[in-house]
Each structure stands twice: as C-alpha cells, then as structure tokens.
Amino acid sequence: MGCWRGELLHSFSKEKLIDELILTVAPTLIGNGIPLFKEDDLHLELSLKGIKRFNQFVELHYEVQK
C-alpha cells in the first residue's frame, strides 16, 4: 500500500509540481516504516516555514525552493 505514495510524490517532484510539503511526525515505531520518497537521485531544496506541535505529533511545513 505504501509503495504508490513514493511513486506519486516522485512523479510530481520530477515534474517540479510541488510547491510545499506538510509532514506529520508521529512517535510510533512501525518496523522499517513506510517510505515517503522513492529511492532516486532526485534532490529537493526545502525551506522550513513552520513547526506545529499537536500533543505527541509534530507537523513540519516546508516550502520547495525552485
């Protein structure tokens, strides 16, 4: 199930169609986890716009530099 997420994000990144990323970090260990990004040599320059805390969760808001 998690595989298509990395593929979708990779396709949008490759075409430079992403303006910002908002990631939520949860303090739960899920084995190796679900990869958000596909393994590749794609590079995104990110600028941190903000951080919010919701109890045990943290939201990271990044702007993609173009």
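**Exercise 1. Find out how confident the predictor is in this chain, and where that confidence is lowest and highest.**

Let's start with the overall picture. This is a predicted model, and the mean pLDDT of the chain is 82. Of its residues, 83% reach 70 or more.

Next, go element by element. Helix 1, covering residues 3-14, has the lowest mean pLDDT among the elements, at 75. At the other end of the scale sits strand 2, residues 45-54, with the highest mean, 96.

**Exercise 2. Work out which elements the chain has and in what order they come.**

First, count them: the chain holds one helix and three strands. Then walk along the sequence, and the pattern reads α-β-β-β.

**Exercise 3. Work out how the strands pair up.**

Step one: take strand 2 and strand 3 (residues 57-65). They run antiparallel, and nine bridges join them. Step two: look at what links them. The two strands form a hairpin with two residues between them.

Step three: bring in strand 1, residues 20-25. Six bridges connect strand 1 to strand 3, and this pair is antiparallel too.

Step four: pick out some individual partners. G50 stands opposite H61 of strand 3. K52 has E59 in strand 3 as its bridge partner, and T24 also stands opposite E59.

**Exercise 4. Explain how K16 and N55 stand out in their backbone angles, and say whether they are buried or exposed.**

Start with the background: most residues other than glycine have a negative phi. Now check K16, which isn't a glycine but has a positive phi of about 60°. You'll find K16 in the loop between helix 1 and strand 1.

N55 is another non-glycine residue with a positive phi, near 55°. Its place is the loop between strand 2 and strand 3, in the turn of the hairpin.

Finally, compare each residue's accessibility with the cut-off: exposed means over 50%. K16 counts as exposed because its relative accessibility is 62%. N55 counts as exposed because its value is 66%.

**Exercise 5. Locate the nonpolar patch on the surface and classify F12.**

Look for L8, F12 and L17: these residues form a nonpolar patch on the surface. Together they have about 280 Å² of accessible area.

Zoom in on F12, which belongs to helix 1. Its relative accessibility is 38%.

**Exercise 6. Describe the surface, burial and contacts of the chain as a whole.**

Begin with the surface: the accessible area of the chain comes to about 5700 Å², and carbon and sulfur atoms contribute 56% of that. Then turn to burial, where buried residues make up 17% of the 66 residues.

Last, the contacts. Take those in the chain with a separation of 6 or more: 62% of them are between residues 24 or more positions apart.

Conventions
Residues are numbered from 1 along each chain as its sequence is written. This is a predicted model: local features need pLDDT of at least 70, side-chain atom pairs count only at pLDDT 80 or more; totals for chains, interfaces and linings use all residues. Side-chain values use heavy atoms; hydrogens and water are left out. pLDDT is the predictor's confidence in each residue, from 0 to 100. Helices (H or I, at least four residues) and strands (E, at least two) are DSSP runs, numbered from the N terminus. Two strands pair if DSSP finds at least two bridges between them. Buried means under 20% relative accessible area, exposed over 50%, partly exposed in between (1.4 Å probe, protein chains only). Contact means heavy atoms within 4.5 Å. Accessible areas come from the Shrake-Rupley method with a 1.4 Å probe; for residues, only the protein chains shown count as cover. Patches are made of residues with over 30% relative accessible area and no salt bridge: like charges are joined within 9 Å, nonpolar side chains (Val, Leu, Ile, Met, Phe, Trp, Tyr) within 5 Å. A salt bridge is a side-chain nitrogen of Lys or Arg within 4 Å of a carboxyl oxygen of Asp or Glu.
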